[in-house]
Amino acid sequence: TFNGPWKVDRSENYDKFMEQMGIGLVKRKLAAHDNLKITLEQNGDKFHVKEVSTFRTLELDFTLGVTFEYSLADGTELSGSWAMEGDLLKGSFVRKDNGKTLTTVRQIVDEELVQSYSYDGVEAKRIFKRA
Ligand code: MYR
């Protein structure tokens, strides 16, 4: 289960990923220490998400397979949806400003929540531990 609070523990290639996303050096340096915490609550095909970081606090709801809007901390707007495939939560989002796709996968690996990101040929991971 994805349910519960998660705190980011480490990241892989996240700086390169953000660079590919067009995020400047100063914001990338801040984002490297964003202390991201996400709390996930699944009820059937509905999820409630609480996101807390040094940048912001926000809560959102989504339903598997239903498109919703999401803005990154720098204001970049995405539109897309999550789907469950086996034990994987797979997200596919499109940037509104350039039409490029960002895909992301959440999975539990050895009691950690591993979130992988892919955008424009660059991949990254952020790995969360139960908080
Ligand atoms: C959620 O389930 O947490 C809300 C929807 C998330 C949409 C996809 C998030 C992609 C985040 C990319 C972060 C990298 C910023 C350069």
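**Note on the predicted model**

1. The place of D120 is in the loop between β9 and β10 (122-130), where strands (E, at least two residues) and helices (H or I, at least four) are DSSP runs numbered from the N terminus. D120 has a positive phi of about 55° although it is not a glycine, and with a relative accessible area of 39% D120 is partly exposed; buried means under 20% relative accessible area, exposed over 50%, and partly exposed in between, with a 1.4 Å probe and protein chains only.

2. On the basis of the note: this is a predicted model, in which local features need pLDDT of at least 70 and side-chain atom pairs count only at pLDDT 80 or more, while totals for chains, interfaces and linings use all residues. Residues are numbered from 1 along each chain as its sequence is written, and side-chain values use heavy atoms, with hydrogens and water left out.

3. Another residue to check is N13, which is found in the loop between β1 (4-12) and α1. Phi of N13 is near 60°, a positive value in a residue other than glycine, and N13 counts as partly exposed at 42% relative accessibility. Most residues other than glycine have a negative phi.

4. What space lies in the largest pocket? About 710 Å³ lies there, a volume being the space filled by probe spheres set on grid points that are joined across faces, edges and corners. On a 1 Å grid over the protein atoms alone, a pocket is an open set of points where a 1.4 Å probe fits, with protein on both sides within 12 Å along at least five of seven lines, and lining residues have an atom within 4 Å of a point.

5. The largest pocket is lined by 31 residues, and Y14, E51, R56, Y70 and L72 lie nearest its centre. Among the elements that each supply at least two residues of this lining are α1 (14-20), α2 (25-31), β3 (46-52) and β4 (57-63). By class the lining has 21 nonpolar, 3 polar and 7 charged residues, where Ala, Val, Leu, Ile, Met, Phe, Trp, Tyr, Cys and Pro count as nonpolar, Asp, Glu, Lys and Arg as charged, and the others, Gly among them, as polar.

6. The structure holds 7 aromatic pairs, that is, rings of Phe, Tyr and Trp (its six-membered ring) whose centres lie within 6.5 Å, with planes under 30 degrees apart counted as stacked, over 60 as edge-to-face and the rest as tilted. F17 and Y117 form a tilted pair, 5.6 Å centre to centre with 35° between the planes. Because F17 lies in helix α1 and Y117 in strand β9, this pair ties together parts that are 100 residues apart in sequence. F17 counts as buried at 4% relative accessibility, and Y117 counts as buried at 14%.

7. F47 and F62 form a stacked pair, 5.0 Å centre to centre with 15° between the planes. F47 lies in strand β3 and F62 in strand β4, so the pair ties together parts that are 15 residues apart in sequence. F47 counts as buried at 2% relative accessibility, and F62 is buried with a relative accessible area of 4%. F47 and F62 form one aromatic cluster with F68, W82 and F93.

8. Turning to the ligand, 16 residues surround it, the closest being I23, F62, W82, F93 and R106; a residue is near a molecule if one of its heavy atoms lies within 4 Å of it. An N or O atom in the side chain of W82 is 3.0 Å from an oxygen atom of the ligand, and a polar side-chain atom of R106 lies 2.7 Å from an oxygen atom of the ligand.

Methods:
A polar contact is a pair of N or O atoms within 3.5 Å; within protein, one must be able to donate a hydrogen and the other to accept it, and residues adjacent in sequence count only if both atoms are side-chain atoms.
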